[in-house]
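Here's a quick briefing for anyone opening this structure for the first time. Have a look around, then come back for the tour.

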Amino acid sequence: MKKRKTINSFIKAKEQTLTSEGNSSSNIDISNSSDQQSNKSPITDIDVSSLEPDPGLRTPIWKYPVNQRDEIRRAYIKMGSYQPIKNEYPRTKFGSQNRRFQSHWFKKFTWLEYSPSKDAAFCFPCFLFDHKHPRNPAFTMDGFKYWKRVNDGDRCAFLMHIGCNTSPHNNAMEHLDNLMNIPHHIDKMMNAQSSEEKQKNRLRLTATIESIRWLTLQACTFRGHDESPSFNNRGNFIEMIKFMGKMNENIGDIVLEKAPKNTKYTSPDIQKDILNIFANQVRTKIRKEIGDAKFCILVDEASDTSNKEQMTIVLRFVDIDGFLRERFFAIVHVTDTTAATLKKKISDTLGCYDLHIYNMRGQGYDDASNMRGSWNGLQALFLKDCSCAYYVHCFAHRLQLALTATAEKEVSIWLFFSKSNSNCNLFNASPKRHAELLSAKKAEVAHMVAIGERDTGRGCNQIGNLLRLRKTRWSSNFDSICNMIDMYSSVITILENMVYDGSSNSIRGEASGLLIAMKSFDFIFILHLMQKIMGLINLLCQALQEKSLDILNAMDYVSTTKTLLHTLREEGFAILLSYVKEVCAKYDIEIPQMEARYKSATGRSCQQNDSIKIFKLKINSRFKDEAVELLKLSCALEPKENLKLFNIDHIYRLAEKFYPLDFDTQDLHHLRMQLDHYKIDIVSHERFKNLSTISELCRRLIETNKSGSYNLIDRLICLVLTLPVSSATTERAFSAMKLAKIALRNKMEEEFLTDSMVIYIERDQPQISLNPGYAPAYTNGWNNDRMPMS
């Protein structure tokens with residue numbers, strides 16, 4: 001019984017055949033015996049230019065790989081049938097007569113071929129479409145040489161070979177005609193489309209692509225509740241296509257219901273596929289930006305609208321042009337927030353784009369124990385894999401903790417924030433009271449303009465709103481306090497009206513309590529004190545959220561802020577108190593005796609309730625830069641005042657101790673030699689004067705082509721720049737997530753969410769594009785749009 005082939009064995013044989021195509025010799029060695037031929041392995045390396053013309057020596061067609069047979073056939077057809085003309089052909093004895101091949105048979109039977117090596121006749125079409133076990137091997141494998149039977153009337157061997165209309169020979173002739181008629185091949189017939197149809201397909205797909213791009217960049221939903229043609233609102237995507245059709249008749253005539261059912265390009269699967277192609281383009285460009293550079297990861301977690309825990313991954317690196325970049329790379333759903341789970345998810349995500357952990361040179365997280373833990377935290381796990389991946393606690397979060405701790409421990413400040421929020425709630429809860437407040441402010445502005453106390457012009461006298469003071473958004477609190485100061489008079493007026501004309505006792509009582517609090521000296525003093533403090537800290541808050549801020553520059557901002565707070569405490573208190581007294585006199589607020597002892601709300605007596613000192617102490621405790629050796633050594637690279645802080649020993653120590661993976665012993669020797677030349681060269685160079693940050697120095701080295709001469713110094717500068725400052729970029733990603741995944745879109749798939757956020761956040765990347773002539777690899781699950789673009 002013949003052993004059957006399995007599918008696996010067949011596929012393996014095909015793979016081996018295709019693999020050996022480029023390795024076998026072009027010289028074909030075929031035995032005359034058909035039994036020996038059947039035992040040989042198929043020939044896989046074909047040199048078309050050296051095909052054997054003699055039909056008696058040719059390799060059978062079935063010996064060639066299936067995918068090459070048509071190519072071989074066309075080459076033989078181009079060569080033509082082998083019909084050598086000789087004055088005399090070899091004679092063969094048949095009985096008492098000697099017979100031979102006749103050249104005039106070529107004219108009568110054009111398909112006929114002659115083999116000098118075998119002195120035999122062959123059929124050219126039958127050879128081209130021969131099978132392994134042909135019906136008549138005489139004209140294909142062995143050759144015909146019984147010349148006596150040629151001129152035998154109806155029994156002529158050539159005529160008998162031709163046979164009836166359905167004979168193998170006539171079938172081979174038909175296959176020959178079909179093979180040469182390329183436009184009628186099945187693959188050409190299936191893909192045959194007119195030029196007009198191709199243009200329609202491209203235009204239809206372009207409309208789909210541009211709609212998806214626009215909706216994604218605007219964080220809009222795609223699908224509607226009902227997308228049937230009879231529904232009035234079919235969702236943003238369909239309505240966008242309809243709008244484009246109204247604006248352009250050429251588009252309107254080929255999209256939606258006017259498009260063929262198999263080329264509408266509107267199914268949700270196609271929308272996600274095109275979006276995924278865009279997102280992969282963006283991620284690939286980010287990967288190319290990183291190149292071989294070292295990078296830092298910024299990670300944070302938050303729950304989305306469907307209560308799923310999402311982790312954002314942001315990459316920080318220095319690109320090839322010396323610019324410091326922070327790129328949003330992915331958002332990943334995590335089932336739990338243990339350090340091991342987070343590490344695995346991050347490693348898998350980075351590994352998909354060939355970003356290795358051993359190239360990591362920094363980690364930036366918040367102060368959560370699962371992130372910063374020295375033994376089992378996420379930063380500790382990564383440090384085990386890469387000892388140079390230093391963890392830096394988010395500076396913006398440090399500042400927030402300092403301010404929050406101050407507000408919680410100082411009772412007067414806590415009460416001020418509480419009363420301010422109660423005031424905002426009272427006015428914002430009622431549209432009527434909000435309108436009355438705005439009307440009172442407009443009347444006040446008009447009066448002050450009339451008496452000449454306010455200037456007029458574009459941007460002047462704009463009316464704001466009362467904003468809540470939020471613990472986690474200190475950078476916006478400065479604007480909230482300024483608005484409260486600007487609208488203080490209008491708020492007092494409306495509260496007084498509410499005390500007498502309130503709609504209920506509860507409203508009148510709440511308004512009365514707020515009016516008493518706001519017309520107190522403590523409230524006015526803290527209001528203006530917090531304006532001063534928040535004004536000084538606001539610049540630091542904003543700076544710490546910049547993507548291009550380096551860690552040395554951040555420490556400069558911290559140092560400057562502490563100096564200003566100290567100056568305000570030592571020299572600005574008298575000025576502030578004098579201004580507060582003027583405000584109190586304007587609104588008839590009682591001013592306490594400054595010489596008397598002050599008794600705080602806790603009952604503790606003290607000479608002075610020094611909130612400024614508390615703020616300063618909290619910032620000092622959160623930003624102990626003098627204790628961090630890495631930062632102290634990095635300061636030696638700063639270019640301020642013509643390399644005033646430049647210290648060769650500190651820089652050498654920085655590379656030797658903190659970056660042993662990037663500087664071997666030989667590199668350290670060369671680094672010291674480069675540093676000697678570097679200081680003299682940079683100080684005397686005109687283009688390196690007036691530099692203030694290490695980021696500017698990095699770019700200037702590349703612009704002047706000195707990064708090649710001082711390649712080790714440039715490498716060290718890039719490593720210092722890679723150290724994280726804050727994780728504000730991850731917070732921005734969560735803000736984008738709230739726009740992309742809303743309550744009505746809370747079931748969107750994880751890949752769909754990631755792709756949408758990558759395109760939305762990294763919109764400053766070079767314009768993403770998809771060639772309309774390119775058709776995605778359609779899957780069997782798509783029930784439409786399966787016709788390929790051509």
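Which residues line the largest cavity? Keep that one in mind while you get your bearings: this is a predicted model, and its chain has 34 helices and 11 strands. The answer to the question is Leu215, Thr216, Ala219, Cys220, Phe222, Ala736, Ala740, Arg745, Ser756, Met757 and Tyr760. From there, the tour moves on to one helix, a loop and some charged pairs.

**The chain as a whole**

- The chain runs to 790 residues, and 45% of them count as buried.
- Take the contacts between residues at least 6 apart in sequence: 67% of these join residues at least 24 apart.

**The largest cavity**

- There are two cavities of 30 Å³ or more in the structure, and the largest holds about 60 Å³ of space.
- By type, the lining residues split into eight nonpolar, two polar and one charged.

**Helix α9**

- The buried residues of α9 are Asn201, Arg204, Leu205, Ala207, Thr208, Ile209, Ser211, Ile212, Arg213, Leu215 and Thr216.
- Two of these names, Leu215 and Thr216, also turn up in the lining of the largest cavity.
- What lies over the buried residues of α9? The cover includes α10 (236-247), α11 (249-252), α12 (268-290) and α34.
- After α9 comes Ala219, which has a positive phi, near 55°; Ala219 is also one of the residues lining the largest cavity.

- Setting aside residues up to four places away in sequence, Arg204 touches Ile254, Val255, Ala259, Pro260, Thr263, Lys264 and Tyr265.
- Val255, one of those partners, sits in the loop between α11 and α12.
- Val255 is buried too, with a relative accessible area of 7%.
- Apart from neighbours within four places in sequence, Val255 is in contact with Arg204 and Ile241.
- Val255 and Tyr265 are 10 residues apart along the chain, and their C-alpha atoms are separated by 8.8 Å.

**Salt bridges**

- Side chains of opposite charge can pair when their charged atoms come close.
- How many salt bridges does the structure hold? The count is 30.
- Lys343 and Asp385 form one of them, with the closest N and O atoms 2.8 Å apart.
- Lys343 belongs to helix α13 (residues 339-351) and Asp385 to helix α15 (residues 378-385), so this pair ties together parts that are 42 residues apart in sequence.
- Within that pair, Lys343 counts as buried at 18% relative accessibility, while Asp385 is partly exposed at 45%.
- Glu227 and Arg223 also meet through their side chains in a salt bridge, at 3.9 Å from N to O.
- Here Glu227 is partly exposed, with a relative accessible area of 23%, and Arg223 is exposed at 52%.
- Lys689 and Glu686 make another salt bridge, at 3.6 Å from N to O.
- Lys689 is partly exposed, with a relative accessible area of 36%, whereas Glu686 counts as exposed at 58% relative accessibility.
- Salt bridges can also link up into a network, and Glu88, Arg91 and Arg100 are joined in that way.

Key
Residues numbered from 1 in each chain as written. Predicted model: local features only at pLDDT ≥ 70, side-chain atom pairs only at ≥ 80, totals over all residues. Heavy atoms only, no water. Salt bridge = Lys/Arg side-chain N within 4 Å of Asp/Glu carboxyl O. Buried < 20%, exposed > 50% of the residue type's maximum accessible area, 1.4 Å probe, protein only. Helix = DSSP H or I, 4+ residues; strand = E, 2+ residues; numbered from the N terminus. 1 Å grid on protein atoms, 1.4 Å probe; cavity = no way out; pocket = protein on both sides within 12 Å on 5 of 7 lines; lining within 4 Å. Points joined across faces, edges and corners; volume = space filled by probe spheres on them. Nonpolar A, V, L, I, M, F, W, Y, C, P; charged D, E, K, R; others polar. Contact = heavy atoms within 4.5 Å.
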